[in-house]
Each structure stands twice: as structure tokens, then as C-alpha cells.
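Colleague: I have a model open and would like to learn how to read it. Could you take me through the features one at a time?

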Amino acid sequence: MGFAQGHVLVASNRGPVSYDVREDGSLGVRRGGGGLVSGLSAIGPDAGAVWVCAALGEGDREAVRRTGGALDPADTGGQRVRMLGIPPDVYSAAYNGIANSVLWFVHHMLYDIPVEPAFGTEFRQQWAAYETYNRAFADALADEAAEGAAVLVQDYHLALVPGMLRELRPDLRIGHFSHTPWAPVEYFRLLPDDIAGQLLRGILGADRAAFLTHRWAGAFTACCKDAVGGTGTTRVGVHGLGADADFLRERAHRPDVEDRIAALRDQLGTAPDGTPRKTVVRVDRTELSKNIVRGLLAYRELLASRPEWRERVVHIAFAYPSRQDLAVYRDYMTEVGRVAEEINAEYGTDGWTPVMLRLDDDFARSLAAYRIADVALVNPVRDGMNLVAKEVPVVSDAGCALVLSREAGAYEEMGDDAIVVNPYDVSGTADALHTALSMGDGERAERTKRLAAAATALPPTQWFLDQLRALEK
């Protein structure tokens, strides 16, 4: 697949690098990973691909001031990156006010309906900032794109960009990809009618709108039919992002992970009969949709209703901070800690801590937990995909039973070999944990093998290239 300079562009809120200002005034740079990074590397350096992203913090904004936004290729691994220095107040209103506090809440169906949402003057002001933020991306893409270029716009942050860009550059081939679920019609229509129409028409400015599952694609199509009369000439596609097996397996066997496995084993201790304790593992951001509290409540019910598991199992819960600048997220993180402490106080003994809760991010430790998990608990109330459900089977040492919410996008691909739960049913989830913990080694190993195959069917590089090829047609 050959492309000329500026013929492939990616737009996303977060870019492949981030900056911080060191004490001596110099800029420190950190490179990220993920499907977009892998995909852009796969098309080769001759493609002259351009990544347009936003400055997220003061370090990024300082880098934009020093470079004019065209980042030094030495910082980006040779990748051409244009970073947009959107004013902090505009960025905050667009990102926190609209993207994360409205669009995320709509698509994940998170509102406390008796009291929210209430779309008034403040919302309209924030929406104007969201329009400004999207316009900055559209202008930059129009400026960077060669004639007839392919542009892949990412996620709910940039839902208006395809329509804006289409007006500026009708020659471009534009794709939009949604990494979240899409709300059903009756929930999507919580949005004011004009805003709902604007969002849909924004995405329909693309030649192709793509989603992680057929369910989310169908919900989008239904919303379009209900609110704007259909999808018009926009094609709707599905690309289920898979785990990067080669990277995960290599990374999961480095010395730092081995060290953390040893530390975890030491902390877990042994059951009264001297055998290793079983593990129920969850690794999540402390995100409202991840359903961590109900997962803890289900584990508590398991200990209450099936006392044979006491002192024989530990719930390893790694819940990393997310969106702590929003009060509702800070409150949720506090509640996670409170419930974990309650369980430990109620059931813990001198030699057994039932819940091992950690709230600091440590990727090597997460991989260590993946490898030793007997059971993986993935119970979101709603999730576009959930890569944890895919990553655990890929790196599991001895096989791992997967307890999986039917509301995770991963259910579409992995439901046959998982133990499937209704994420709101605490008692049902407790029963599922018992079934998973009781599963024989042979069955667990066979299920894990099939889960890993499903999890890696569309690795990040292929996921990206498939979208690009679909846009080429």
C-alpha cells in the first residue's frame, strides 16, 4: 500500500507523545503506544503520514510555543506530528465539559436520570467550545492534507470534524472511528434535538463511520434514521480492535514483571491446606462505566454465601486513577476504597487480606497479575470493547477463566468461552465467580486457548490497515 506525502492523516485528542518542562527549562518527552502508533508504523516512513493532536497540558503547550506545533521528529520517532495549542479554557470546556461529562455519559448510559442531565446555559457555552475545538482540528487537517488524502478521525472528542472537514476539503476521503459504545435511540435523544442532529451530521460528513462491534454500529444507524432520516451516502463498518499478542507476550516476560510476580505471590500467601491461594484479578481505570464497586460487592457476596472460599482466594483489584479533575470520579474512587476496606475488615484474618486494592498505575504489575490470574473479572456496565478481557487470556501462564459482562464489546467475540454476567446482577456475578474458581484445569486451559485466538484476531496494526483499505475502496 503506497502513499505520497501527506496522503494519510490521523486525528485524535491525545497524540503519540507528551511533554513536561524539566527544572532546567528543557522539555522531557514520553512516547505512547497503542493501535494508532502501530498502524502508522505499519504503512512505512515513505507514506509521510501526519498525526494531528491536541496539547493536553502545560508541557505540551510549551512544546507548541517552541515549535509552532510541528514537533521535532527526533521526539516522535520520525513521525510527523502537528500538535494544536488550543487555549486551555476552550480545551477544558470541550474535553471535560462536553466530551467526558456529556458524550461519554450518553454513550455509556451513566446519568443519574432523576437529577441529570440538565442542558442549560452552561452546557451551551461548553458546546460552543467543543465546536471551536473541533474546528481547530478540521482547519489543521485541511491545511496538512494532500489532494485526495485519507483522513482517519478518532472518537467522540472529534465527532464534528468529518462534517467540518468535508466543507473545507471535499476531495478528501474521510473516516471516523468510535472507540466507545453508541447509545440506543431513546438514550441518545436525551441530548437537545439540535445537538443530537449536529453530532450525527458531523460524523456523517465522513465517507465511512466505523465501530468496534455490530451492536454499536446498529445503534448509530438507528439514531441516524430516527434523528436525521438515515445515514445518507456514509458507509458504516465494524473493526473489532484486538490485543497486540507479540508485544504483550514479550513485555510480560521481562525481569520487572517476574519480580512483581514474586512479590504478588509473597503477598498472596497460601491457603490453610498449604496450597497457593486462588486469584480473582481485575485491572481497570477507576472509570464509572467499569463497575468496580459492584464487582467488589459480588466478591463480598461470594465470601458470605460460600464460606469455603474464605482464606482460599484473594481479589487483586488494580484500579488506576482516571479523570480525577472531575468530582464524580474522585467520589467514585473513594467509594471503591471504602467498599474494599469494608470487605477486609469483615472477613480478613491475621494471615489473609481478602482484597488487594492498588490505586497507583503500574503496567508491569498489571501484567504480573494477568499471568497469575485464575479468574479475570471484567464486568463493565457498558464498554466499547475492553482490551483487558482480551489481554489476560493472551499472557495467562496456566489458563484463566473469564467472567465477562454482556455489556462489553468484547462479549460479541468472546462470549462463547467466557462466563457471561449481567453487570447489574451482583448475586449472579457472585455465582459466576464461584463457577470460574471451581473450573477444572483442563477446561480452563482449553477455554483460554480459544479466548486468546479470538482476542488476537484483529491486532492493532491490522485493525488500522483494514480501515485504511476500506476508505480506499
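Colleague: What should I know before I start?

Modeller: This is a predicted model, where local features need pLDDT of at least 70, side-chain atom pairs count only at pLDDT 80 or more, and totals for chains, interfaces and linings use all residues. Residues are numbered from 1 along each chain as its sequence is written, and side-chain values use heavy atoms, with hydrogens and water left out.

Colleague: How many helices and strands does the protein chain have?

Modeller: Helices (H or I, at least four residues) and strands (E, at least two) are DSSP runs, numbered from the N terminus. The protein chain has 19 helices and 15 strands.

Colleague: What does the radius of gyration say about the protein chain?

Modeller: Take it over C-alpha atoms, and compare it with the globule rule: 2.2 Å times the number of residues to the power 0.38. For 473 residues a compact globule would come out near 23 Å, and the protein chain has 23 Å, so the two agree. The C-alpha trace spans about 70 × 50 × 45 Å along its principal axes.

Colleague: What percentage of the residues count as buried?

Modeller: Buried means under 20% relative accessible area, exposed over 50%, and partly exposed in between (1.4 Å probe, protein chains only). Of the 473 residues, 58% count as buried.

Colleague: How do I read the contacts by sequence separation?

Modeller: A contact means heavy atoms within 4.5 Å. Take contacts between residues at least 6 apart in sequence: 79% of them join residues at least 24 apart.

Colleague: Now a strand. Which way do the side chains of β1 point?

Modeller: In a regular strand the side chains alternate between the two faces of the sheet. Strand β1 covers residues 8-11. Val-8 and Val-10 point one way, Leu-9 and Ala-11 the other, and all are buried.

Colleague: Which strands pair with β1?

Modeller: Two strands pair if DSSP finds at least two bridges between them. β1 runs parallel to β6 (residues 150-154), with 4 bridges. There, Ala-11 stands opposite Val-153. β1 also pairs in the parallel sense with β4 (residues 50-54), over 3 bridges. Val-10 has Trp-51 as its bridge partner in β4.

Colleague: What surrounds Arg-235?

Modeller: Arg-235 lies in β9 (residues 235-238). Its relative accessible area is 35%, so Arg-235 is partly exposed. Leave aside neighbours within four places in sequence, and Arg-235 is in contact with Asp-207, Arg-208, Ala-209, Ala-470, Leu-471 and Lys-473. Arg-235 and Val-10 are 225 residues apart in sequence and 19 Å apart in space, C-alpha to C-alpha.

Colleague: On to a helix. Which residues of α2 are buried?

Modeller: Helix α2 covers residues 58-67, and its buried residues are Gly-59, Asp-60, Arg-61, Glu-62, Ala-63 and Val-64. Those buried residues pack against β2 (17-21), β3 (27-31), β4, β5 (80-84) and α4. After α2 comes Gly-68, with a positive phi near 75 degrees.

Colleague: Which residues other than glycine have a positive phi?

Modeller: Most residues other than glycine have a negative phi, and most peptide bonds are trans. Met-109 is one case to look at, with a positive phi of about 55 degrees. Met-109 is in the loop between α4 and α5, and is partly exposed at 32% relative accessible area. Glu-311 is another, with phi near 70 degrees. Glu-311 lies in the loop between α12 (292-305) and β11 (313-320), and counts as partly exposed at 26% relative accessibility.

Colleague: Where is the cis peptide bond to Pro-117?

Modeller: The bond runs from Glu-116 to Pro-117, and its omega is near 5 degrees. Pro-117 sits in the loop between α4 (88-107) and α5 (121-144).
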